[in-house]
Amino acid sequence: MTSPEPRPQAPAGRRAPASFQEMWRDLAPLGRDPGSGGYRRYAWTAADVDCRAWFRAQAEDRGLAYEVDRNGNQWAWLGDPLAGDAVVTGSHLDSVPDGGAFDGPLGVVSSFAALDELRRRGARLTKPLAISNFGDEEGARFGLACVGSRLTAGRLTVAQAHELRDGDGVPLPKAMEAAGYDPATLGPDPERLARIGAFVELHVEQGRALDLSGDPVGIASAIWPHGRWRFDFHGEANHAGTTRLADRRDPMLTYAETVLAARREAELAGALATFGKISVEPNGVNAIPSLVRGWLDSRAADQSALDTVVAAIEAAAHEAADRTGIDVRVVRESFTPVVEFEHALRDELARILGTAVGSPPAAGSPPEAGSPAGADTGTGGGAGTGRRGVPVLGTGAGHDAGILSGSVPTAMLFVRNPTGVSHSPAESATEDDCAAGVLALADVLEGLACA
């Protein structure tokens, strides 16, 4: 990675803050699995603690006021945190199993780099500015996404948080304690949220809309409604080598039919449906399972389509189970309704970036090319300049900005991902596009915090 601007000078007695390239290099080995090349930065593990230490070091190197809130989220402040109307940016540092390098960390690294850019410009802030790292955004360890922001916004109760357990049965409070954090303070944080005037999250795009349109940076319009459902298929354990096929109550077969039905129903509804996680009991090569548990992730452009596809998948599971003597139970473990980012803030970002970012559209590639069905794909800014503004596009991926949108005005910037692959080591962004993202974020922060 190459920093878009020269490294700012540090005040006497303090180490000069790292450039984008240096930050990326220092963060890169933390939590990386040498076998897969992907990241395993699960909440409250050693890798997560290392990432948190990295965040604190970046804050202190820049002379920012560092704090951890009651839910374990990290904050780095420039200006008075109590003054109100603060402009906040940031993202998360945790990962999915064997995830890519950019999902989350690009937003955090770019936030520090954008602050450095503002200082290089000599920007005079009239509002407090903060950089945040929200904890457990991916939900890889405890099965629920955006735990840190959900707790802060009151979208997850303390009792519900205490019930969260990882695959080894470790409760969330115990995991926090083991990592050196006090879980006794967990809970809603309305006073903190009341001090935020705007939250802007930069994120690598998790799709190819920008790659197909030829734009390095885009603005988010909305997040599709999405949720996670657990399907429990109960059958009868038996010997794989002695039990006749006709005598079996094999839940794996019912599960397999449900997976195929999920693909079929998603295609019919224009939605997305994925069984990406499974557990089997007793999990023996020579044993017919007694229980197959699969987790469905489903997303759609609107609530009606999502309800339709999930109901159809459930019906298919029960129909298959009735034919094979299997008991099925379906539990909705999490759900996030459609998030329409505040139009006024979204339009302000488009105005700010209309002449600062954007490039002529590629031939035959409109801004919305490759974006999910139903996405808002207008263009913002650039009026009278002869240049197209940055594209505005929807996304099927959830983010902390979406959780916080019910409490504070939020917006998102996307940086082009040429592979379109995310939640995988193949996730990527070019040096030039990362630099464009930093400059776009700096422009937005200057426009919002220096007004």
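## Strand E5 and its partners

In strand E5, Ala198 is the bridge partner of Val87. Strands here are DSSP runs of E with at least two residues, helices are runs of H or I with at least four, and both are numbered from the N terminus. Two strands pair if DSSP finds at least two bridges between them. Strand E3 (residues 86-91) pairs with E5 in the parallel sense, over four bridges. E5 also pairs with strand E15 (residues 410-415), again parallel, over six bridges. There, Phe199 stands opposite Thr410 of E15.

How many residues of E5 are buried? Eight of the nine in this strand (residues 196-204) are, which leaves E5 mostly covered. Buried means under 20% relative accessible area, exposed means over 50%, and partly exposed lies in between (1.4 Å probe, protein chains only).

## The model as a whole

This is a predicted model: local features need pLDDT of at least 70, side-chain atom pairs count only at pLDDT 80 or more, and totals for chains, interfaces and linings use all residues. Residues are numbered from 1 along each chain as its sequence is written, and side-chain values use heavy atoms, with hydrogens and water left out.

The protein chain has 13 helices and 15 strands. Of its 451 residues, 53% are buried. Contact means heavy atoms within 4.5 Å. Among contacts between residues at least 6 apart in sequence, 76% join residues at least 24 apart.

## A four-stranded sheet

Four strands form an open sheet in the order E9-E11-E7-E12, with antiparallel pairing. Strand E9 (272-281) and strand E12 (327-336) stand at the edges with a single partner strand each, so one side of each has no neighbour in the sheet. Neighbouring strands are turned by 20° against each other on average, direction ignored. Axes are lines fitted to C-alpha atoms, for helices over the stretch in contact, and angles run from 0 to 180 degrees between N-to-C directions.

Strand E7 (residues 226-234) and E12 run antiparallel, joined by nine bridges. Gly227 stands opposite Phe335 in E12.

Helix H9 (residues 251-269) lies across E7, E9 and strand E11 (291-299), at about 170° to E9. Helix H10 (residues 303-324) lies across E7, E9, E11 and E12, at about 5° to E7.

Which residues of helix H1 (residues 20-27) are buried? They are Phe20, Met23, Trp24 and Leu27. They sit on the same side of H1 because they cover an arc of only 100° around the axis, taken from the directions from the helix axis to the C-beta atoms. An α-helix has 3.6 residues a turn, so residues three or four places apart point the same way. The buried residues of H1 pack against helix H2 (46-61), helix H3 (105-121) and helix H13 (431-449).

The axes of H1 and H3 come within 9 Å and cross at roughly 145°. From H1, the contact uses Phe20, Met23, Trp24 and Leu27; H3 supplies Pro105, Leu106, Val109, Ser110, Phe112 and Ala113.

## Helices H11 and H13

Helix H11 (residues 343-353) packs with H13 at an angle of about 115°, their axes 9 Å apart. H11 brings Leu345, Glu348, Leu349, Ile352 and Leu353 to the contact, and H13 brings Ala440, Asp443, Val444, Gly447 and Leu448.
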